[in-house]
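Q: Can we go through the side-chain contacts here, one topic at a time?

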Amino acid sequence: ALIADHVETYHGGSVRVEKIQGKGRVLVADTDFEAGERIMLEYPLIEAVADESIPAYKIVLQLTEEGQLELTPIFYWAALCSLTANEVAGAICQTWAAVPAQTQVQALELHAPEEAIHVASES
């Protein structure tokens, strides 16, 4: 509902969010658009910049080099960059930029079933 509400608030009248079986959430046009016309402009919810001056990112790189991480470093760094200040506060190294709780909820809604984002984790 968060994504649909956001789209309605900022882009209502031109597009809307629908759930389509087998596809999930999709944007549906409510009006005709000209070729090349900008339909909407959105800024990123979360930025994960690979910066080797950040101690936590250096640790991610080190773990990758040691073969302890399966995916490329940016996947893990993006996950770390989606943590809130309370979650980052428990880090064993110098902290990095955190996101507001509402931003985290919006990001999770993009990648998880809606019911999953409202259940607190055990950590």
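**Side-chain contacts**

Q: Leaving out residues up to four places away in sequence, what does Q104 touch?
A: This is a predicted model. In it, Q104 touches S82, L83, T84, E87 and V99, with residues up to four places away in sequence not counted.

Q: Where is Q104 placed?
A: Q104 is in helix α5, which covers residues 101-111.

Q: And is Q104 buried or exposed?
A: Buried, because its relative accessibility is 15% and the cut-off for buried is under 20%.

Q: Which backbone oxygen lies 3.0 Å from a polar atom of the Q104 side chain?
A: That of S82. S82 is also among the residues that Q104 touches.

Q: Switching to charges. How many salt bridges are there?
A: The count is 2. One is between E18 and R16, where the closest N and O atoms are 2.6 Å apart. Another joins the side chains of R16 and D30, at 2.0 Å from N to O.

Q: Where do R16 and D30 sit in the chain?
A: R16 is in strand β1 (residues 15-20), and D30 is in the loop between β2 (24-29) and α2 (55-65). They are 14 residues apart, and the pair links distant parts of the chain.

Q: What do the salt bridges that share partners join into one network?
A: R16, E18 and D30.

Q: What is the relative accessibility of those three?
A: E18 has 29%, R16 has 31% and D30 has 38%. E18 is partly exposed, R16 counts as partly exposed, and D30 is partly exposed as well.

Q: Now the rings. How many aromatic pairs does the structure hold?
A: It holds 2 aromatic pairs. For Y57 and W77, the ring centres are 5.5 Å apart and the planes are at 65 degrees, so that pair is edge-to-face. Y57 lies in helix α2 and W77 in helix α3 (residues 73-80), so the pair ties together parts 20 residues apart in sequence.

Q: Why is the pair of W77 and W96 tilted?
A: Because the planes of the W77 and W96 rings are at 50 degrees, with the centres 6.0 Å apart. Edge-to-face would need over 60 degrees. W96 is in the loop between α4 (85-88) and α5, 19 residues from W77 in helix α3.

Q: Are Y57, W77 and W96 buried or exposed?
A: Y57 counts as buried at 7% relative accessibility. W77 is buried, with a relative accessible area of 1%, and W96 is buried too. Ring pairs link Y57, W77 and W96 into a cluster.

Definitions and conventions:
Residues numbered from 1 in each chain as written. Predicted model: local features only at pLDDT ≥ 70, side-chain atom pairs only at ≥ 80, totals over all residues. Heavy atoms only, no water. Helix = DSSP H or I, 4+ residues; strand = E, 2+ residues; numbered from the N terminus. Buried < 20%, exposed > 50% of the residue type's maximum accessible area, 1.4 Å probe, protein only. Polar contact = N/O pair within 3.5 Å; in protein donor to acceptor, adjacent residues only side chain to side chain. Contact = heavy atoms within 4.5 Å. Salt bridge = Lys/Arg side-chain N within 4 Å of Asp/Glu carboxyl O. Phe/Tyr/Trp six-rings, centres within 6.5 Å; stacked < 30°, edge-to-face > 60°.
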